[in-house]
Amino acid sequence: MGRVMTKIFKAIVFICILSIVLYTINEAMIPKTNHNTATWGATDRYNQFYEMEENSIDVLFLGSSVVANAISPQEIYDDYGIRSYNLASSGQSIFFNYFWLKEALKTQSPKVVVLDTKFMFPVYPDSALNAPEGTYRECSNCMHWSSDKVEMINEICKYDKEQDKLSYFLTNLMYHDRWTELAEIDINGDLTEGDKLKGQSIITAYSDAVYDAFVPDGSTEKAETVPVMDEYLEKIVNLCKDNGIQLVLVTYPDTMTDATNNRMNEIAQKYGLPYYNFCLAEHYYAIGAELPRENVIEHENVWGAVKMSRYMGGILQKEYGVAAVADEQWASTSYYYHHVLSTADLPHIEQFDQYLTTLAGDDQYVTFVSVKDDSVRFITDKQIALLNQLGLKAPFKDMFRYSYSALIDPIEGNIEEVSGDEQMTISGSLDDGQLIYEVLSGGTDAGVACSIMVNGQEYAVNGVGFNFVVYDRVTQKVVDSVCFYTNEYGEYCKR
């Protein structure tokens, strides 16, 4: 009897160890993204949601990438005190909106759910669920295991017969060839925790779009929706009704037709729901965004999101009575958000003097400088003064044809600069080895050269002139790479 029990015990231990090993392998192999590695980073967005205090979110935003860009929960909190979270992600159709709403309601009791309607209509017409397979996987991988996740997987495979159900449970079957691609983000859980933007995805590019707000022409034509989306919208409507949640339908500024507008008005009327079509002139112009900087068209940039979020926050406050609540979860991330807004302007600065002034105004920037070729011939006394303000002491006017490399680290008071008639290099590490750098400069007399390596990656523009690479300690990433050169008039221009 004793031998039998020993064998049983050993078998149980073996199964437990095997299960732990399989789970660890599966978790490591799943692709992961955060806001520093992808425009629509998802892993940290969902992980942070699971960390929010229970029943602390009063408004949930659901939808695809256009929502992830358009809505800043921090902006809404800072302006109105409304606690919201953005659970949208790239390609997330109404089907996945439903399952993430179910997941959210396990820990949260929102007063309002704002649902984007873009995916009611065919966006991925060849997909059974109106979404790319990457979204299938992302929405599944990021959700905690529960009966609802199992239901979602079963439904995915019911509608899309090409899916391998087992690969959703044993994810290493799907990602087994990622062994050679594994990076620190796949192993270090700290890199996918703590989304301080509460789900917002940041775009910093200006728009070249020209937008004419939508004005209905009186047509009665109605666009066809995707049947599976109709089915899951009804499920969302019923889920909100059962939980006493006000569901609000929205369409963000994009291409709009009478047929689409008419169909959405019909759906809203059918369920007795409010519907805000921000393509309509009455709403679009009320947002107050000014192109090209404040883009609110399709994938909104960070400045457009400010305007959209303020407008949306006003609606939530005035029309739905969502009250302000002081909450440290949002108050503690306000500095981070506004720093991101400020830093987003840096790549758009065109004037050398203004660029130097901006760098001097934020001690969170670590700046690397490499001068390529003869780039100091026309430097002005004012620009030298601005470089001195950054902490640099080199005699720039006496450096004709010289090489010059520099590091500027205001927080640590670390200024390193070298110059000479040979190629000059500085290298080292900061922040306990988390930031490794090597800066090379070659002036005219040293064989023209330029390189700025940060954590093993080349960032230098490598143009003739002053090459700058700026690393931001707050967001822990390189936020700008630029070169300023002198034109035929002796003026510094941006390359």
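Because the model is predicted, local features were required to have a pLDDT of at least 70 and side-chain atom pairs a pLDDT of 80 or more, while totals for chains, interfaces and linings use all residues. Residues are numbered from 1 along each chain as its sequence is written, and side-chain values use heavy atoms, with hydrogens and water left out.

Strand β6 spans residues 365–372; helices (H or I, at least four residues) and strands (E, at least two) are DSSP runs numbered from the N terminus. Eight of the eight residues of β6 are buried, so the strand is largely enclosed by the rest of the structure. Here, buried denotes under 20% relative accessible area, exposed over 50%, and partly exposed the range in between (1.4 Å probe, protein chains only). In a regular strand, side chains alternate between the two faces of the sheet. In β6, Tyr365, Thr367, Val369 and Val371 are buried on one side, and Val366, Phe368, Ser370 and Lys372 are buried on the other.

Strand pairing was assigned where DSSP finds at least two bridges between two strands. β6 pairs in the antiparallel sense with strand β13 (residues 465–472) over eight bridges, and Lys372 stands opposite Gly465 in β13. β6 also pairs in the antiparallel sense with strand β7 (residues 403–409), over five bridges. In this pairing, Val369 stands opposite Ala406 in β7.

Asp254 is located in the loop between β4 (246–251) and α12 (258–271). With a relative accessibility of 19%, Asp254 counts as buried. Leaving aside residues up to four places away in sequence, Asp254 touches Lys118, Tyr211, Cys279 and Glu298, a contact being heavy atoms within 4.5 Å.

The whole structure contains 22 salt bridges, each defined as a side-chain nitrogen of Lys or Arg within 4 Å of a carboxyl oxygen of Asp or Glu. One of them joins Asp79 and Arg310, whose closest N and O atoms are 3.4 Å apart. Asp79 belongs to helix α4 (residues 73–80) and Arg310 to helix α14 (residues 302–320), so this pair ties together parts that are 231 residues apart in sequence. Both residues are partly exposed, Asp79 with a relative accessible area of 36% and Arg310 with 38%.

The side chains of Asp230 and Arg263 also meet in a salt bridge, at 3.9 Å from N to O. This pair links helix α11 (residues 227–242), which holds Asp230, to helix α12, which holds Arg263, across 33 residues. Asp230 is partly exposed at 24% relative accessible area, whereas Arg263 is buried at 17%.

A further salt bridge connects Glu294 and Lys307, with the closest N and O atoms 2.9 Å apart. Glu294 lies in the loop between α13 (281–287) and α14, and Lys307 in helix α14, so the pair ties together parts that are 13 residues apart in sequence. Glu294 is buried, with a relative accessible area of 14%.

Trp145, Leu166, Phe169, Leu170 and Leu173 make a nonpolar surface patch of about 440 Å². Patches consist of residues with over 30% relative accessible area and no salt bridge, with like charges joined within 9 Å and nonpolar side chains (Val, Leu, Ile, Met, Phe, Trp, Tyr) within 5 Å; accessible areas come from the Shrake-Rupley method with a 1.4 Å probe, and for residues only the protein chains shown count as cover. Phe169 lies in helix α8 (residues 165–169) and, at 31% relative accessibility, counts as partly exposed.
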